[in-house]
Number of protein chains: 2
Amino acid sequence: MNKLSNGGCLHCKAKSDIFDHLSEEELDRVESCRVSMHYRAGEIVFKQGSPCYDFVCITSGLVKLYIEGENDRRLIIGFVKPVDYIFVPGAYVDKRHHYTAVACEETSACLVETEVLQNLVNTNPEFANSFIKKISSQAISLITQIASVTQKQIPGRMADTLIYLATKVYNSNPFITSLSRQDLADLSGMTKESAIRVLKTFKDDELIVIRGDEIELLNIPMLETISRNG
Amino acid sequence: MNKLSNGGCLHCKAKSDIFDHLSEEELDRVESCRVSMHYRAGEIVFKQGSPCYDFVCITSGLVKLYIEGENDRRLIIGFVKPVDYIFVPGAYVDKRHHYTAVACEETSACLVETEVLQNLVNTNPEFANSFIKKISSQAISLITQIASVTQKQIPGRMADTLIYLATKVYNSNPFITSLSRQDLADLSGMTKESAIRVLKTFKDDELIVIRGDEIELLNIPMLETISRNG
DNA sequence: GCAGGATGATGATTTAGATCAATTAAAAAT
DNA sequence: ATTTTTAATTGATCTAAATCATCATCCTGC
């Protein structure tokens with residue numbers, strides 16, 4: 001069982017802020033069907049195409065979300081970190097997962113049946129608002145990414161990726177990451193080789209420095225310029 | 001004023017089905033702040049980056065939604081046709097439009113203040129469900145498109161575009177369209193020239209036939225195969 | 001310690017698709 | 001009807017980025 005949520009949802013220090021507006025009774029309802037899970041690095045939380053029964057809330061670790069293409073190419077569309085839940089667009093539409101979720105490192109999560117949350121949406125307007133806000137935010141990031149990936153070339157896309165990681169995922173610069181070059185490539189919609197090459201030019205131009213699994217952005221304004229010029 | 005909705009929202013034959021679950025009183029609330037608008041082909045309904053005050057419901061015509069990139073490239077992310085409203089992800093987040101909406105042909109629309117709809121979400125659970133379902137569906141189409149545009153090459157993307165138009169937008173085959181080659185290119189994430197070339201190969205291979213502004217898909221299974229193989 | 005699978009790094013080659021340039025066709029305006 | 005504008009088409013060229021191939025480094029388990 002996940003240490004952070006030992007005492008049940010009510011006293012869980014790790015609960016996602018969308019649960020802030022729930023009453024004790026409502027939290028109990030969530031608690032009663034909650035399942036704690038633990039994943040090792042690389043393990044699949046759920047897979048694209050599979051039926052969705054639960055909402056997944058990440059209490060520790062890091063999860064990447066990616067779309068799997070036909071020719072086993074991947075596009076990472078985002079990360080979910082503690083404490084947040086993974087938005088499942090299929091829950092309201094076709095009861096299917098539309099992307100795969102994989103743990104990037106040791107990860108704990110709570111699973112809650114979709115019906116329970118859907119009920120809360122109906123009974124608690126504040127919860128409904130948080131929920132819609134969350135979906136909207138994800139739609140906006142999808143739009144941002146689709147714009148980056150389709151309209152910029154390699155340096156601009158990698159700049160976007162690095163800025164995204166520093167500001168949105170790790171909230172730190174330098175940041176320590178468990179992501180491989182392949183992951184960086186999958187985030188930027190390019191091949192591993194292209195990712196390595198463009199990172200090298202960034203290093204040569206002293207825009208970034210990489211020490212082992214630590215990445216530091218040295219010249220963010222320049223990276224932003226590169227992002228803007230595609 | 002829009003002919004279809006002369007008698008107000010209550011008797012509007014053109015109302016979006018998400019309004020189906022509203023009471024008379026609720027429909028009156030919508031009615032009281034409704035503004036009817038008319039747009040000519042090519043006119044902007046709202047522009048990416050501008051503040052959003054209203055939800056827009058299309059009562060006749062057709063609207064395209066596109067992301068504007070830095071280097072004035074465009075990516076069409078969808079169409080809105082009667083009777084449906086344009087989902088505005090910024091309404092719950094940053095009060096900004098994240099894409100541009102342009103009328104493809106003569107188009108009528110009703111504008112409703114965002115606050116009014118947001119209120120309905122809070123007071124009417126059924127409405128909230130329809131609303132979330134709508135947002136979720138759009139997120140799913142964004143995911144589908146991002147997968148197509150990033151992981152397939154030109155023929156696969158154009159096949160996706162043609163199938164999308166026939167099955168999701170015009171619901172007919174053949175279909176008559178006011179879209180230009182540039183629009184087809186913007187939908188598929190390619191240049192106008194590439195769009196023209198790939199359409200020519202499709203015509204030569206007797207997968208499609210184009211007569212003026214009518215497009216007919218002759219061999220949908222083959223187009224689906226092309227889509228699958230990227 | 002060493003073997004062996006994963007990950008990272010680089011160079012050489014190929015190619016899909018953009019860009020550029022020019023022509024034709026169709027529509028709109030005068 | 002004739003000019004002007006706009007959209008569609010086609011070919012030639014160029015280039016960004018993928019692919020292919022090789023080699024260097026890591027870790028991880030024996």
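Which side chain meets that of Glu68(A) in a salt bridge? I looked it up and found Lys47(A), with 2.9 Å from N to O; the term stands for a side-chain nitrogen of Lys or Arg within 4 Å of a carboxyl oxygen of Asp or Glu. Glu68(A) lies in strand S4 (residues 63–68) of chain A and Lys47(A) in the loop between strand S2 (44–46) and strand S3 (54–60), so the pair ties together parts that are 21 residues apart in sequence. By this rule I have 21 salt bridges over all chains.

Before going on I noted the ground rules: this is a predicted model, in which local features need pLDDT of at least 70 and side-chain atom pairs count only at pLDDT 80 or more, while totals for chains, interfaces and linings use all residues. Residues are numbered from 1 along each chain as its sequence is written, chains are lettered from A and ligands numbered from 1 in the order in which they are written, and side-chain values use heavy atoms, with hydrogens and water left out. Helices (H or I, at least four residues) and strands (E, at least two) are DSSP runs, numbered from the N terminus.

Entry on the two chains. I looked up the contact of chain B with chain A, where contact means heavy atoms within 4.5 Å, and found that it takes 37 residues from chain B and 37 residues from chain A. The two chains bury about 3500 Å² between them, 73% of it on carbon and sulfur atoms; buried area is the accessible area (1.4 Å probe) that two parts lose on being put together, summed over both. In chain B, the residues that lose the most area to chain A are Ile143(B), Ile146(B) and Gln151(B), together 19% of what that side buries. I also searched this interface for salt bridges, and the rule finds zero.

Entry on the H3 pair. Helix H3 (residues 125–151) of chain A and helix H3 (residues 125–151) of chain B have axes that come within 10 Å and cross at roughly 20 degrees. That makes H3(A) roughly parallel to H3(B), since angles under 35 degrees count as roughly parallel, over 145 as roughly antiparallel, 65 to 115 as roughly perpendicular and the rest as oblique. Axes are lines fitted to C-alpha atoms, for helices over the stretch in contact, and angles run from 0 to 180 degrees between N-to-C directions. Among the residues of H3(A) that meet H3(B) I listed Phe131(A), Ile135(A), Leu142(A) and Ile146(A), and the H3(B) side includes Phe131(B), Ile135(B), Leu142(B) and Ile146(B). The residues of this contact divide into 16 nonpolar, six polar and no charged, where Ala, Val, Leu, Ile, Met, Phe, Trp, Tyr, Cys and Pro count as nonpolar, Asp, Glu, Lys and Arg as charged, and the others, Gly among them, as polar.

Entry on helix pairs within chain A. Helix H5 (residues 181–188) and helix H6 (residues 192–204) of chain A pack at an angle of about 95 degrees, with their axes 8 Å apart, and that makes H5(A) roughly perpendicular to H6(A). Arg181(A), Gln182(A), Leu184(A) and Ala185(A) in H5(A) meet Lys192(A), Ala195(A), Ile196(A) and Leu199(A) in H6(A), a set of five nonpolar, one polar and two charged residues.

Entry on the backbone. The peptide bond from Asn173(A) to Pro174(A) is cis, with omega near 0 degrees, and Pro174(A) is found in the loop between helix H4 (154–169) and strand S9 (175–176) of chain A. In chain B the bond from Asn173(B) to Pro174(B) is cis, with omega near 5 degrees. Asn171(A), a residue other than glycine, has a positive phi near 50 degrees and is found in the loop between H4 and S9 of chain A.
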